[in-house]
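User: I would like to learn how to read the sheet, the helix packing and the cores of a protein model. Please take them one by one.

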Amino acid sequence: MSDQDDEAATGSDTPDSGHDRDHRDGRGDGGGRGERADPHDRGGDRGKDRVDRGDRGRGDRDGDRGDGTGEPPREPDVFAVADRGPLAGGDTGGAATARRALRTWASTAGDRHTSVQGDGTFFEGNQFFSVYGFGDASRFVRGPVPPETLAHLAQVYCEITGYQRMKERLRENRVLVLCGEPGSGRKATALALLDEVTGGKVFRLDPRHGVDEITGEALREGGGHLMELLTEDSRTEGEAPREGAATARRPAARLSELHLDRFGELLRSRDAYGIVLVESGEPADRLLRGRYGMYCAPPPADEVLRRHLRERLRGEPAEALGAARALAARPDVVRALGLEELRPREAARLAEHLARHWRGEMTDDQLLSECAGFVTTQAREWFAGADRPGVLPEALPALNAGAFRIAVAVFDGSAYSLAAEAAELLAWELAVTLDPGQAPGRRLFGAHAEHRPTRARAVLEDGELDLGPAKVPVRAVRFRGEALAAAVLGEIWHGYHNVRGPVARWLRALCDDPRAEVWVRASVAAGVLCSWDWIHGFRELIVPLAVTDVPVTRLAAATALAESARDPRIRPAVASVLKDWAVAEDSTLVATALLAHGFVLAAGDVSGSLDALARVVRTCEPADGDVLVPASFSTARLLASGEPEPVLRRLRQWLEDGRLNLANLVHLTVIRALSTRTTHLWALRDVPGLDEHAARPLLVALLATRPELAPELAWLLRHTLATARSGGAALEALGGLLRRAAKDPEALGRVCAFLPRLAVDRRDRDRLRGLLNELVRDRDRPLDRSAARRMWDAVTEGANR
């Protein structure tokens, strides 16, 4: 068979033959990038020489061979590649990946509402504070903390681990640096410490200046001074972006022990104390190794909540506190919050809502709506004005932090290395969109892997990555809250239109990655974004993937379409697109539509999906691999969907129909069931019972989980083996299944129980015995003789049935 004929049969093309529509239309990537090359593009200039599929349809490939012999073209043997997936033999797996991704987006079914404080206050730790306005940056401002604020803090503050050691170090050195995340209670701890050592004389210092700029005149005799140094995205909730933000972010980076020594001497000369708050990151990591820095761990959220409830329910009946705490632990409230553990300021907000609910000022629905706004508020804090300077390199740290949060939203629970690399690619897209005239680089020794996840409210932990045939250990990263992923993508997609372009380009690039753990995650996320805004997402995300000659991107487009169809409001639009694509002249669109029907969702049920597949196959040539390969892959997916009975009935009907193209589809589907691992066939639905058989061929998995289907499966397999055009490929696939079963005791038992159903007549038995003899005598990979003997006896048993 010539290379040209083989390409027509498999539906696979050379790796360098396709790219997205943007490049083919000559539109570029937008965002003012012009002709700049992406240094992270693995394909380099491969888009320049690509051939438009519209100029060479399937008819062209079925014409002259072009080999100079003048011979007529030979009919392609579609069964020669019957076991190939839509990735041209590559890994189409990702069942475990998709299940984790779907759990990530399960919380998107309902709308989340934003809850924003309207009074200009924000919670930090165990207390609330007013947002101070910013005026002339040249003046060093000092403001006293009101006595009533300190009094309230004394009632609700929960002493953290290490508090007494912090107090000793503060008295000894006069200055203390507390490191931690915003909202972790570090500010409340600092105020409590200063209140205790000064007797209530506490002042806040201007955060726009560095410690090295403080003078003796700025300090109050015998007072305690609190200074919070800003970093790239450490604005507190409710604080608006402001001019001069680039210079306001410098103090934390330049803070050193020398500056703190000078600050301590100034404080000692005024018999005063000072605490500096620094956000976790490089400066904090450096200061923690010195004599001034201490890590401020958040207090237990339950205890913070109890103290705030006790304060807010003062004067209420004794049972009010217990009822409010029970309400906080109610499953629907915990689910609405979507966070593993509340930070102190969030616990304070929740206490206010619970107290209002107890007093009848808030209904259950209102409470759940307010709780659902916690993650939305967190996402809004992360991205509000993050690129305020508008030029690189000042904005680059904030863009890196934002890109990492978005990457974790897509790869939540996956390998940290994948999320980190994806974040770097997204940061590049964001940077060149913000400042097209300057190419950003990568810091080699920036944020450490142990500290970077804390900026995204995430955690690193040991995990396992299911590759189908094997599970490998990974260092995984995940949000500390199941609702954060949806909140992050929802915030950037709905809140910042200009971010959509770089995010769409980034997701399309990830969908071109051959690793299932990457493209499945990216395609599911793309589908979620399309369901949120179909009119924009379909054109920017799905269409560019569907029209490429790269098989993995077409499968990613089908996955995104299926994921979009999970929303009942979007499902009719998806069904309309697939109907149009099924009759399109472009074979890539036809293949994408066929692959999408393997997910059930677009058609609504298994029968509807089978009808859609049959309509396309009936109009194709009997050996058209461009149609039969993806159609058989989708039919095999439907067979693994949890509803195999209607699929088996339809396969029998297609054989009895008498049309050659439908019969070929049946035979290809049967061969796939013999040769394809279950994990490679069903990537988007969690079918109970199939998990433990993920690495086994689909036929073995069905025999194990649905033994009542054995007679129908045997009838279909016998028919495929007995058909001349498919028998050779089917026999080879069956031999591969027997080899796998010989190494798997449980599968061997299932197969031996099934073989008698295949040995009904003498011809069947001769065919199976000949296969066993060939496998045993294979000089390179001889079949285990004990396993072969059990199989031989099972074939002989078929004569007595």
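This is a predicted model: local features need pLDDT of at least 70, side-chain atom pairs count only at pLDDT 80 or more; totals for chains, interfaces and linings use all residues.

User: How many helices and strands are in the chain?

Analyst: Helices (H or I, at least four residues) and strands (E, at least two) are DSSP runs, numbered from the N terminus. The chain has 35 helices and 10 strands. Of its 801 residues, 57% count as buried; buried means under 20% relative accessible area, with a 1.4 Å probe and protein chains only.

User: In what order do the strands of the open sheet lie?

Analyst: Strands of a sheet pair through backbone hydrogen bonds, either parallel or antiparallel. Two strands are taken as paired if DSSP finds at least two bridges between them. Here 6 strands form an open sheet, ordered S3-S5-S6-S7-S4-S8, with mixed pairing. S3 and S8 (293-295) are the edge strands, each pairing on one side only.

User: Which strands does S5 pair with, and in what sense?

Analyst: S3 (residues 142-144) pairs with S5 in the antiparallel sense over 3 bridges, and Gly 143 has Arg 204 as its bridge partner in S5. With S6 (residues 224-228), S5 pairs in the parallel sense, also over 3 bridges; there Arg 204 stands opposite Leu 226.

User: Are the two faces of S5 covered or open?

Analyst: In a regular strand the side chains alternate between the two faces of the sheet. In S5 (residues 202-205), Val 202 and Arg 204 lie on one side and Phe 203 and Leu 205 on the other, and all are buried, so both faces are covered.

User: What joins S4 to S8?

Analyst: S4 (residues 175-180) and S8 run parallel and are joined by 3 bridges, with Val 177 opposite Gly 293 of S8. Helix H6 (residues 163-173) packs on the sheet and touches S4, S7 (273-279) and S8.

User: At what angle do H20 and H21 pack?

Analyst: Axes are lines fitted to C-alpha atoms, for helices over the stretch in contact, and angles run from 0 to 180 degrees between N-to-C directions. H20 (residues 497-511) and H21 (residues 516-532) pack at about 145°, with axes 8 Å apart. For H28 (residues 644-657) and H31 (residues 710-722) the angle is about 30° and the axes are 10 Å apart.

User: Which residues of H28 and H31 make the contact?

Analyst: Contact means heavy atoms within 4.5 Å. Leu 648, Leu 651, Arg 652 and Leu 655 of H28 meet Glu 712, Leu 713, Trp 715, Leu 716 and His 719 of H31.

User: Which residues touch the most other members of the largest nonpolar core?

Analyst: A nonpolar core is a set of buried Ala, Val, Leu, Ile, Met, Phe, Trp, Tyr and Cys residues joined through side-chain atoms within 4.5 Å. The largest has 187 residues, of which Phe 479, Trp 506, Leu 507 and Trp 581 touch the most other members. Helix H18 (residues 416-434) gives the largest share of this core, 11 residues. Another core, apart from it, has 24 residues, including Leu 153, Tyr 157, Ala 192 and Val 202.

Methods:
Residues are numbered from 1 along each chain as its sequence is written. Side-chain values use heavy atoms; hydrogens and water are left out. Buried means under 20% relative accessible area, exposed over 50%, partly exposed in between (1.4 Å probe, protein chains only).
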